[in-house]
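Here are some notes to read alongside the structure. Take the points one by one, and keep the 3D view open as you go.

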Amino acid sequence: MVSSQHDAVHRIFREEPDLLARLVPETGVRFPEYSSIEPLDTDLTEIWPLERRVDSFFRVRTADDEGGFLLAVESQSKPDPDKHNSWAYYLAHMYAKYRLPPILLVVCRDKKTAEWARDPIRIGRSFHTSMEVFPLVLGPIGVRPITDPEEAAKDLALTTFSILINAKDPGILAILDAVAPVLGPNADWAEYIEAGLDEGPSRDHWRELMAVYTPNFPGLGSVMEETWREVHADGEAKGEAKAILRVLRRRGVEVSESVQERVMACVDLELLETWLDRSLVVENADELFGEE
């Protein structure tokens, strides 16, 4: 069964295929000038009852209009020699079906697996190699964590991918803290992160950070949706007020009793939304109220 951590990476690629053009150079090769990157059917099963399904599959149309090439993207969580057979099959089948050169890109979230996946796959005997496959690999070594909010805001898809690919980094909690103000208001990317993080401290921490934001995808059961329901059950204005105070405290801003009373007493939703926006940036709680 495909895990949410596995699926989150590929949903990012399907949501924004152009991200591949920004990531592939991290593997050490140049991505050619292209006109489009189009998702293809990931089912590579033939008539025989043996299912073969690649994780993500794209056709890249190049600017020179020579037909472009195929890009198969696989996620790999641990070394698995059986994958060598599958990957060789994928490439041979793609080439036979589409008559276009295929390229394999493997995404790994730990260095050991990335190093294993990078080894060429040689098919044949000692006296002759019939086929050789050279996977391109994206992993923690090539894709660095993004911790600068300004840099993160320039490319939300890349920032989200960098978090998931570095999810096992010892400093992941600090990385999440750095990008939360940027990704939090963008619930689609924020929910990809929640789905893509492993169960444990990092996902719990992200859920706490995101508890103040409203979901864009109702029905998925994420923490943002759960919090949204709790907030509205207790009154929309009261929920907004609680969110403002929680953001301030999470950011380490001291909240006096008078500020707390004023925020909790407010029933003007538009004003509360203004205060919530300000709570993300103010250094002093009294600055919430501006000239009011």
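1. Let's begin with the inside. The largest nonpolar core has 45 residues, and Phe13, Leu71, Phe161, Ile163 and Trp206 touch the most other members. Helix H7 (residues 172–183) gives the most to this core, with seven residues. Here a nonpolar core is a set of buried Ala, Val, Leu, Ile, Met, Phe, Trp, Tyr and Cys residues joined through side-chain atoms within 4.5 Å. Buried stands for under 20% relative accessible area, exposed for over 50%, and partly exposed for what is in between (1.4 Å probe, protein chains only). Helices (H or I, at least four residues) and strands (E, at least two) are DSSP runs, numbered from the N terminus.

2. A word on what you are looking at: this is a predicted model, where local features need pLDDT of at least 70 and side-chain atom pairs count only at pLDDT 80 or more, while totals for chains, interfaces and linings use all residues. Residues are numbered from 1 along each chain as its sequence is written, and side-chain values use heavy atoms, with hydrogens and water left out.

3. Which residues does Phe13 touch, leaving aside its neighbours within four places in sequence? They are Leu19, Leu20, Leu23, Phe58, Val73, Val107 and Phe161, where contact means heavy atoms within 4.5 Å.

4. Now for the rings. The whole structure holds eight aromatic pairs; rings of Phe, Tyr and Trp (its six-membered ring) pair if their centres lie within 6.5 Å, and planes under 30 degrees apart count as stacked, over 60 as edge-to-face and the rest as tilted. Phe31 and Phe69 form an edge-to-face pair, because their ring centres are 5.8 Å apart and their planes are at 65 degrees. This pair links distant parts of the chain, 38 residues apart: Phe31 is in the loop between helix H2 (19–23) and strand E1 (34–39), and Phe69 is in strand E3 (residues 69–76). Phe31 counts as buried at 11% relative accessibility, and Phe69 counts as buried at 10%. Together with Tyr34, Phe31 and Phe69 form one aromatic cluster.

5. Next, look at helix H4 (residues 111–118), whose buried residues are Thr113, Ala114, Trp116 and Ala117. Seen down the axis of H4, these buried residues fall within an arc of 165 degrees, so they line one face of the helix. The arc is that of the directions from the helix axis to the C-beta atoms. The buried residues of H4 pack against E3, helix H3 (82–98), strand E4 (102–108) and strand E7 (136–138).

6. Is Ala72 buried or exposed? At 0% relative accessibility, Ala72 counts as buried, and it lies in strand E3. Leaving aside neighbours within four places in sequence, Ala72 is in contact with Val54, Ser56, Phe57, Met94, Ile103, Leu104 and Leu105.

7. Finally, please check Arg99, found in the loop between H3 and E4. Arg99 has a positive phi of about 55 degrees although it is not a glycine. At 61% relative accessibility, Arg99 counts as exposed.
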